[in-house]
Amino acid sequence: MALARSRRGIDYWPGFVDALSTLVLGIIFLLTVFVVVQFFLSQDIAGKDTALTRLNAQIAQLTDLLSLEKTGKIDLEEQVARLNASLAAAESERERLRGAAEGAGQGAAAARQQLSQATSALDAEKSLSLEEALQASETKDKDQQTQIAKLGERLNIALAQRVQELTRYRSDFLGRLREILGNRADIRIVGDRFVFQSEVLFDSGQAVLNPEGRTELDQLATALLELERQIPPEIAWVLRVDGHTDVRPIANIQFPSNWALSAARAISVVQYLISKGVSPQHLVAAGFGEFQPLDPANTEDAYRRNRRIELKLTER
């Protein structure tokens with residue numbers, strides 16, 4: 001009784017569960033191994049597919065190259081055939097020309113002889129023609145030299161006459177100015193120039209004509225207008241108006257140098273004469289600053305003499 005109760009009391013369920021768990025774990029392990037192996041096999045297959053694709057592309061490129069090579073070979077063969085044909089034609093033409101040259105050898109000798117004779121005759125005729133042409137050229141050159149010399153003499157005579165006429169008109173002009181302006185100490189003749197002291201025309205350090213200066217220039221304009229009517233139009237002349245200052249420097253906003261002051265004064269005189277009817281073609285303005293003094297001394301009298309406006313009738 002006791003043994004029977006003991007057998008009935010044994011529990012087999014835990015062992016069964018353990019066995020079943022072990023079996024499940026084994027199955028899971030096998031499945032895991034299978035999945036991993038499948039993954040690696042897939043990667044290997046994908047790599048092989050890529051390599052196979054590259055190989056197919058290389059095979060296609062090699063096929064294209066082979067096709068091009070075959071085409072190039074055919075073209076080269078055609079070119080060689082054409083060159084061989086051209087070479088054969090050239091050799092045939094060479095043989096023909098050689099035969100013709102051999103046949104024409106005798107005729108060429110006779111032609112060379114005739115050519116030599118013709119050349120000799122032509123050289124003789126050319127020498128004769130050149131000698132005649134040289135003589136004619138020498139005669140023509142002598143005639144031209146004679147004409148040039150005569151023209152030079154006539155030109156010199158004409159120029160001398162123009163200079164004499166202009167000198168006469170200059171002398172008359174200076175005399176006329178002397179009559180108009182009178183014998184004033186501040187207006188005088190120096191050589192071939194008529195000289196105004198600057199104080200007659202301008203205030204100190206200024207380039208605007210003062211009333212007295214305009215009065216004097218009115219008389220000068222009258223003499224110039226009369227002179228324009230007297231001098232023939234073929235004589236090219238101008239009245240040059242030169243401005244001069246003393247050596248003492250001037251430096252201001254209006255006149256940065258003596259040169260600027262002397263040029264401005266000369267231009268003022270020219271512009272005033274033009275306003276009175278004198279032709280601009282007969283007037284020239286120039287400024288010399290302090291660089292052409294009449295008196296090099298450093299005295300007030302020398303400074304006064306060097307500050308001046310000079311008028312000179314001259315050729316244009």
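View 1. Leaving aside neighbours within four places in sequence, leucine 273 is in contact (heavy atoms within 4.5 Å) with Leu217, Leu220, Ala221, Leu224, Leu239, Val278 and Leu283. The model is predicted: local features need pLDDT of at least 70 and side-chain atom pairs count only at pLDDT 80 or more, while totals for chains, interfaces and linings use all residues. Residues are numbered from 1 along each chain as its sequence is written, and side-chain values use heavy atoms, with hydrogens and water left out.

View 2. Helices (H or I, at least four residues) and strands (E, at least two) are DSSP runs, numbered from the N terminus. Strand β5 is largely enclosed by the rest of the structure, because seven of its eight residues are buried (under 20% relative accessible area; exposed is over 50%, partly exposed in between; 1.4 Å probe, protein chains only). Two strands pair if DSSP finds at least two bridges between them. β3 and β5 pair in the antiparallel sense over eight bridges, and valine 238 stands opposite threonine 314 in β5. β2 and β5 also pair in the antiparallel sense, over four bridges; glutamine 197 has arginine 308 of β5 as its bridge partner.

**View 3. Surroundings of serine 198.** Serine 198 lies in helix α3 and counts as buried at 2% relative accessibility. Not counting residues up to four places away in sequence, serine 198 touches His244, Arg265, Arg307, Arg308 and Ile309.

**View 4. Salt bridge between glutamate 310 and arginine 193.** A salt bridge is a side-chain nitrogen of Lys or Arg within 4 Å of a carboxyl oxygen of Asp or Glu, and the count by this rule comes to 12. In the pair of glutamate 310 and arginine 193, the closest N and O atoms are 3.2 Å apart. The pair links distant parts of the chain, with glutamate 310 in strand β5 and arginine 193 in strand β2, 117 residues apart. Glutamate 310 counts as buried at 6% relative accessibility, whereas arginine 193 is partly exposed at 24%. A network of salt bridges links Asp192, Arg193, Arg308, Glu310 and Lys312.

**View 5. Salt bridge between arginine 307 and aspartate 246.** The side chains of arginine 307 and aspartate 246 meet in a salt bridge (2.8 Å, N to O). Arginine 307 is in the loop between α6 (300-306) and β5, and aspartate 246 is in the loop between β3 and α5, 61 residues apart. Both arginine 307 and aspartate 246 are buried.

View 6. Trp13, Phe16, Val17, Leu20, Leu23, Val24, Leu25, Ile27, Ile28 and Leu31 make a nonpolar surface patch of about 990 Å². Patch residues have over 30% relative accessible area and no salt bridge; nonpolar side chains (Val, Leu, Ile, Met, Phe, Trp, Tyr) are joined within 5 Å, like charges within 9 Å. Accessible areas come from the Shrake-Rupley method with a 1.4 Å probe; for residues, only the protein chains shown count as cover. Tryptophan 13 lies in helix α2 and is exposed, with a relative accessible area of 56%.
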